[in-house]
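Trainee: Can we go through this one together? I'd like to start with the overall make-up and then move on to details.

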Amino acid sequence: MSKYRLDYLDELEAEAIYILREVAGQFEKPALLFSGGKDSITLVHLALKAFRPGKFPFPLVHIDTGHNFEETITYRDEMIARIGEKLIIGHVQDTIDEGKVIEQTGKNASRNPLQTITLLDTIAKNKFDACIGGARRDEEKARAKERIFSVRDEFGQWDPKRQRPELWDIYNGKIHKGENVRVFPISNWTELDVWNYIRRENIPLPTIYFAHQRDCITRNGQLMAASPFLNMDDEDVITRKNVRFRTVGDMTCTAAVESYAFEIDDIIDEIASSKISERGARMDDKVSEAAMEDRKKGGYF
Amino acid sequence: MDILKFITAGSVDDGKSTLIGRLLYDSEAILADQLEALHASNRKNDDGSIDLAILTDGLKAEREQGITIDVAYKYFETDKRKFIIADAPGHIQYTRNMVTGASNAALAIILIDARKGVVEQTTRHSFLVSLLQIPQVVVAINKMDMVDYSEDVYKQIVADYKKLAAKVNLDNVTYIPVSALKGDNIVYPSSKMTWYLGDSLLQHLENVEITIDDSSAHARLPVQWVVRPQTDALHDYRGYAGRVSSGSFKVNDKVTVLPSGFSSTISKIEVYDKQPAEALAGMSVTVHLQDNIDISRGDIIVNSAGQPQLSNVIEADLCWMDTRPLDTSLTYLVQHNTKTIRCKIQEIIYKVNINTLEKDFDEEFKLNDIGRIVIKTAEPLAFDPYQVNKANGGAIIIDSRTNVTVGALMLRQSVE
């Protein structure tokens, strides 16, 4: 016996790699859900560590709302070219065209809620039995109770009352036909852990994470990027601001924060001293106290 | 900086949620928007202060019932250490949830209400902490403000608990008198209990030593995945990927692969683009062997000089976690490390009444029951007794009809 020697980032990394390899070992057709955000970028980096020099035993899957930050798509395509892995894209536009969902109207219209249907369609079409996602338990209180292997029924639903016990590091990936498992390898990471890891590993990120000048409007007390996807009217005043984004989602629901953090060190300082949690900048979580719990039950990541 | 995972055992009545809330609040782990929600809530204490217990509220169903149903994980850190709290419910009907939370904890905080002292649930929680082999225990004697911060009350509870600790084989116990409601000895030392000279709870959590079993005799690497690029450049590349569950491996170590029993020597250890000389417990690595032997997922690589037991009839402690009782005529699945095979529970030796610690010979093994059984597996398992090496002694039972995890096994010894 001796004193513990693994640094926390090494421990979190080893756990995530272990979980990714369990997915590879236990499932026939897994996939890695890639949003272009820092958490899924971290997952890709961890997958390199888990499987190189071999290929990934799964494709990356991007659910594309069509309302993306251009920088995210540029990043995604460059990354795919660099790592040489397969990318499958599920388009929300296709789901709209097929009449499976109806585009929201009004000032606060967003495609964010529609992507759940596109995701479920993409899972069904490709017969994925496991989807790896970058959710973390520190993000939100419904996520704090979710398992690392989280079983979903045919409708993608999460039933918090019927979660399987998850003991030691033994993950039970047994499912019935039609069910699938959402797997969260970085469940135990905090936002700051992800940033510290990105810095340590020198992982490149989309530029919108760093401070830049951008035209913004203020909506419901939050700073939104002015874009053709946002339904704007005369009340919306465009101002040029120095901003960055703490999460990367659909342009219609991802709020910016005013920031002069141009380098990763600045970002880490900013987050360490920040007084607002990461999902505080997500309008989709503001809907109600149980917003995330309800969306998870409905099949959201 | 390292990570300490700990579990809190107690019920709402003991002030468990308030204790966790106080830890988070006083260590300033709560962010402004969460604080705003906290202040906005209409749940207040009698004296009008914020009800810190709200911080641990999770699911809607739990808020409605005012209890914790499931294990919730909370994260915070200080300058010295990072912490993961597994907040598990304390009522007897949620024993399985506590077992789940306890399975990964390096430390357990057992809460005792100073007004009530050592009670039935204290026995139950202590038994579970011992069963799951949590290495460090803190007995937090809470609500000291309700007993006038009396040293005598504290001393009496410590004396009572020591008897219980001896009965359930718990050592490494630290006692701390606290008031989660008032904040005494949680983060800051109490000015009301100057007779207590030890650390506050947080100071203790920051300083308690966590050890790692790095003896080569316990070197265990369950194989998760075989890396075989099969490209022209890497035609002969064959790496065995897994996480070292206990002990440590070095290049040139003689190793044995189980259950086959083939031996070889470690020729290389890889972690992506690095080649460390040693693979320590907890590390995810890829190892290469000198000889080309058939190894696949489910096999375990061990140090040849310190081999585990290999058996298909094993005595074990079992915690049953399903609403359907255990059926000894049914074939279940057992998952041990990366291996999943068929099994039967061949014999129920006894059950334990976890409130009184008395043995019970009632036939039925129902939800939350704990006891000793004999399991027969379709192939031999390469295991260590859980009491000696937790990492290679735990297993789960899966009901193949529902695919649900229905039992937790702590393997004890081969029965031949």
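Mentor: Start with chain A, which has eight helices and eleven strands. Keep in mind that this is a predicted model.

Trainee: How much of chain A is buried?

Mentor: Of its 301 residues, 50% are buried. As for contacts in chain A with a separation of 6 or more, 77% are between residues 24 or more positions apart.

Trainee: What domains does chain A have?

Mentor: The assignment gives domain 1 as 8–193 + 290–297 and domain 2 as 207–285. Over C-alpha atoms, the centres of domain 1 and domain 2 of chain A are 23 Å apart.

Trainee: And how many residues of each are in contact?

Mentor: In chain A, 22 residues of domain 1 contact 19 residues of domain 2. On the domain 1 side, helix H3 (70–83), helix H6 (191–201) and helix H8 (291–297) of chain A each give at least two residues. That side of domain 1 of chain A consists of five nonpolar, ten polar and seven charged residues.

Trainee: Switching to helix packing. At what angle do H1 and H2 of chain A cross?

Mentor: The axes of helix H1 (residues 8–26) and helix H2 (residues 38–51) of chain A cross at roughly 75° and come within 9 Å. That angle falls in the range 65 to 115 degrees, so H1(A) and H2(A) count as roughly perpendicular to each other.

Trainee: Which residues make that contact?

Mentor: From H1(A) they are A:Glu13, A:Ala16, A:Ile17, A:Leu20 and A:Arg21. H2(A) contributes A:Leu46, A:Ala47, A:Lys49 and A:Ala50. By class, the H1(A)–H2(A) contact has six nonpolar, no polar and three charged residues.

Trainee: Now the two chains together. How many residues does each put into the contact?

Mentor: Chain A supplies 49 residues and chain B supplies 54. On the chain A side, the elements giving two or more residues are strand S1 (2–3), H1 and H2 of chain A.

Trainee: Which element gives the largest share on the chain A side?

Mentor: H1(A) does, with nine residues. By class, the side of chain A that touches chain B has 21 nonpolar, ten polar and 18 charged residues.

Trainee: On to chain B. What is its secondary structure?

Mentor: Chain B has seven helices and 23 strands. Its C-alpha atoms fill a box of roughly 70 × 50 × 40 Å along the principal axes.

Trainee: How does the radius of gyration of chain B fit a compact globule?

Mentor: It agrees: a compact globule of 416 residues would have a radius of gyration near 22 Å, and chain B has 24 Å. In chain B, 48% of the 416 residues count as buried. Among contacts in chain B between residues at least 6 apart in sequence, 70% join residues at least 24 apart.

Trainee: What are the domains in chain B?

Mentor: Domain 1 covers 3–207, domain 2 covers 216–303 and domain 3 covers 309–414. The centres of domain 2 and domain 3 of chain B, over C-alpha atoms, are separated by 29 Å. Their contact takes twelve residues from domain 2 of chain B and ten residues from domain 3 of chain B. The domain 2 side of that contact divides into five nonpolar, five polar and two charged residues.

Trainee: Is H4 of chain B mostly covered or mostly open?

Mentor: Mostly covered: helix H4 (residues 95–102) of chain B has eight of its eight residues buried. Among them are B:Arg96, B:Asn97, B:Met98 and B:Val99.

Trainee: What covers the buried residues of H4(B)?

Mentor: The cover includes strand S1 (3–9), strand S3 (82–87), strand S4 (107–113), helix H5 (120–131), strand S17 (309–320) and strand S23 (405–414) of chain B.

Trainee: What about B:Ala105, where does that residue lie?

Mentor: B:Ala105 is in the loop between H4 and S4 of chain B.

Trainee: Is B:Ala105 buried or exposed?

Mentor: B:Ala105 is buried, because 24 other C-beta atoms lie within 10 Å and the cut-off is 20 or more.

Trainee: Which residues does B:Ala105 touch?

Mentor: Leaving out residues up to four places away in sequence, B:Ala105 touches B:Lys5, B:Phe6, B:Ile7, B:Ala86 and B:Ile134.

Terms used. Residues numbered from 1 in each chain as written. Chains lettered and ligands numbered in written order. Predicted model: local features only at pLDDT ≥ 70, side-chain atom pairs only at ≥ 80, totals over all residues. Helix = DSSP H or I, 4+ residues; strand = E, 2+ residues; numbered from the N terminus. Rg over C-alpha atoms; globule rule 2.2 N^0.38 Å. Buried ≥ 20, exposed ≤ 12 C-beta atoms within 10 Å, placed from the backbone. Contact = placed C-beta atoms within 7 Å. Domains from an automatic or database assignment. Nonpolar A, V, L, I, M, F, W, Y, C, P; charged D, E, K, R; others polar. Axes fitted to C-alpha atoms, helices over the stretch in contact; angles between N-to-C directions. Parallel < 35°, antiparallel > 145°, perpendicular 65-115°, else oblique.
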